[in-house]
Amino acid sequence: MLTKNYLKSLNQSLGDLTEANTRIAVKRSYLKISENPTDALKAMKVRKNLSLIDIYTSNLKDAQDLVDQYETAISNINEILKEARAQVSQGVTGTSDVEVRKTVAGTLRSFQDAILAAVNTQFAGDYIFGGDSVGEIPFTISQSGRLLYKGQDADNGVFADEPRYLDIGIGLSLSAEGGIDPRSALDISNSGVALLGSGVDSDGIPENIYNLLGIIASKLETNDIDDIGLYSDKLKAKSDDIRLKYVSAGEKTNFISYFITRLESEKINAQNKQVKLESIDYSKSIVEFGDMELAYNACLQIGTKILQPSLLDFLR
Amino acid sequence: MRATFLGFEIAKSGIQTSQTALDITGQNITKMNTQGYSRQEVSQSTVYYEMTSYKYALLGSEKYGQGVSLDSISQVRDDFLDSRYRTANSENAALKKVTDVLSYIEGVFDETINDGLGSFFGEFYARLQNLSLNSGQVDFSGLVRSSAQKITETLSYYYKQLNNIESQEKADLNISIQDINTVLDKITTVNNTIQAEKLRGNPTNELLDTRNLYLDNLSKYFQIAVKPNANGTVSVKAGGEYLIDAEHAATNHVFLTQTDSGFSLATENGGIITDSGMMMGYFEVLNGKGPLAGEGESDFKGIPYYKEALDMFAKEFSSLFNTLNGDGKPLFTGSTALDIKISDRWLADANYITATTNPDPQKGQNDNLLLMLAELETPRRISQSFQGTFEEYITAAAFDAGIELDYYNSLAKTSESVLLTVENQREAVKGVSINEEAVNMLKYQKAFEASARIMTSLDEMLDTIINRMGIFGR
């Protein structure tokens, strides 16, 4: 009976020792859910949270790259328009002669090309101003020299919203109509036609910058500058508009980097929590291991005493 | 007057009794470590003086006892402790079986250290996110597809592992039933021998030990009730049915029956209710449907529960994605954990996954992918008893096994220590103590010496009477 009990405790002690050893070896406070269900469940949630943070951070960084590109392109267009306005005002002054006007017109034509190049910018193989479809070149020029956005004339085409959403962890959900709720995701689409403008105003002046510059250039070329004031006012209004968009692109960058910073600090918190839940406290574990070792050795030593001599050994 | 040779009989009875007692001491010491052996004891009593049995009555003299009589050699055993031991044994065996199987199940689902369904699902989600930014690009949709493939393969791998555990347990169950029937036969044989030997007046102590050992063995399978009969045999009942009805010389073998609600045990006379023992453990893990159990079925979360959980997941997951991907464009085929697979069309073209609901899809359009992501994060009713996201469902299944195992582990620990206590108590009664036997050895040896000395002194006394009396003046 004594021997049986002894063997049982000896095995138990050895088992404890091995377990303490394994925990230190794998640096984990538990190896199976059943060892500590509460902590394991908490750790599982933290782990899921961490992987979401990683996903959202990666999405936001991709979005930031896009916005950076967008910002550069708008900044270019903004500069071009500034220059264009200076040129136009030079061209429309009464003192300028026909030659000067023709030169100005030529400059404006080259600005048109520069704007076209800017809005057809590619980033990682995608046309960033393509709205929701980034695979095909968004802007082309028609036979008559007018701007076409995805094949539609910018002056009289019908352009729908082209959202392209990215999940950045603000509660992606469906709207009542079944699509994605716009407030629950980040819209990363940049419609070129929305940037450059579309349609014509009540005076028949195009809202589109490219076409506007084209018309101003032709008017200067043909020296038809009686009503050019209307057009140069329009140009001013449109270039103000672009500057505004440039500023708001900066806002978007700020918003994204704020989000990234927030996620990074969330990540640090989650990682700390994970370490607390899953990892072992080395000093504590090693002391525990020492305890187990001591207990096992003591157990072994007792063994020699447990199988003690009986009365028989003392009889003559 | 006192009979001349009266004292010799008394001394002889002392010598013989001491000799026998010494033999029994030897027997106890040699069998000290024999499994199932219970200590034997010699009971002695005084031989009364009886007037009528003596031809020459002791008239006019003092009357006293006529030495010692060896009444019986009996076992030291406590029936109550036997029955407590058997109850504790069957409880412990049930919990041991349950914890064994639960730890296998936990091994299937647990991904504390390894990657499993949960991490593949997380990967699928992350890659879908990546695709939403790079929709229509075949390398990104290829990654989504390979994650989806991991999910389907893991589902069927888990299911197969559960099947393996199940078939292993079924095989073990059949072996156990064979063992039960063998033990029943052995008990019946010993019963018969005991009855016969008892009639012949032979000792049966060793046979009783053997039978008790068999009964202990049987008690780990289910709770047994042992009823001793007058002829020395015992009858054994389990779960309301006689397994051995010794009074009517009937041995009822047990066999497995199977109904819709699972396996159970029966004899020819009827079903056995197994509410304890290893058999209960087997039936819990093989029949347990958890919360899906119907009336009268086991609501233990056993293998069928986890298999059903995987099937439900496979069914909901494939039907959701097949619907989301558009009419007649299934991403998955099959609707059980075992047969769910990536559809051939998706296998042939990674971009088969619908990125946009636009009938003329353009590169970059991702509304349908966002829809899929949103649906993955939307709680839904996946099984009768579960409402939540797919990811939560996987976690819940793994934790079901972990939490149950934790619970049953602590129960098993308690029952083990109960069993140990009872076993120690029983051993304290029936076991051989070497010190006690050494003392007995001394005692009986001295008693033998003393009785022999009496014989010598009687001899001397008679010598005095016969040879030295009445020789005065010779």
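Predicted model: local features only at pLDDT ≥ 70, side-chain atom pairs only at ≥ 80, totals over all residues.
Figure 1. A hairpin connects β8(B) to β9(B), with two residues forming the link. These strands, β8(B) and β9(B) (residues 270–272), pair in the antiparallel sense over three bridges, and G270(B) in β9(B) is the bridge partner of T267(B). On its other pairing, β8(B) meets β7(B) (residues 255–259), again in the antiparallel sense, over five bridges. Two residues lie between β7(B) and β8(B), which form a hairpin; here T259(B) has G262(B) of β8(B) as its bridge partner. Strand β8(B) (residues 262–267) is mostly covered, five of its six residues being buried.

**Figure 2. The largest nonpolar core and a separate core.** In soluble globular proteins, nonpolar side chains tend to be buried together. The largest nonpolar core comprises 162 residues, and helix α2 of chain A (residues 37–92) gives the most to this core, with 20 residues. Among the residues with the most contacts inside the core are L108(A), I105(B), F109(B) and F222(B). Leaving aside residues up to four places away in sequence, I105(B) touches L162(B), I165(B), I303(B), Y306(B) and A401(B). Another core, of five residues, lies apart from the largest one and includes Y6(A), L10(A), Y296(A) and C299(A).

**Figure 3. The second largest pocket.** This pocket holds about 820 Å³ of space. Its lining has 23 residues, of which Q12(A), D16(A), E19(A), N409(B) and K413(B) are the closest to its centre. Helix α1 (2–26) of chain A and helices α2 (79–109) and α10 (390–430) of chain B each supply at least two lining residues; α10(B) provides the largest share, nine residues. By type, the lining divides into three nonpolar, 10 polar and 10 charged residues.

Notes
Residues numbered from 1 in each chain as written. Chains lettered and ligands numbered in written order. Heavy atoms only, no water. 1 Å grid on protein atoms, 1.4 Å probe; cavity = no way out; pocket = protein on both sides within 12 Å on 5 of 7 lines; lining within 4 Å. Points joined across faces, edges and corners; volume = space filled by probe spheres on them. Helix = DSSP H or I, 4+ residues; strand = E, 2+ residues; numbered from the N terminus. Nonpolar A, V, L, I, M, F, W, Y, C, P; charged D, E, K, R; others polar. Core = buried A, V, L, I, M, F, W, Y, C linked by side-chain atoms within 4.5 Å. Buried < 20%, exposed > 50% of the residue type's maximum accessible area, 1.4 Å probe, protein only. Contact = heavy atoms within 4.5 Å. Pairing = 2+ DSSP bridges.
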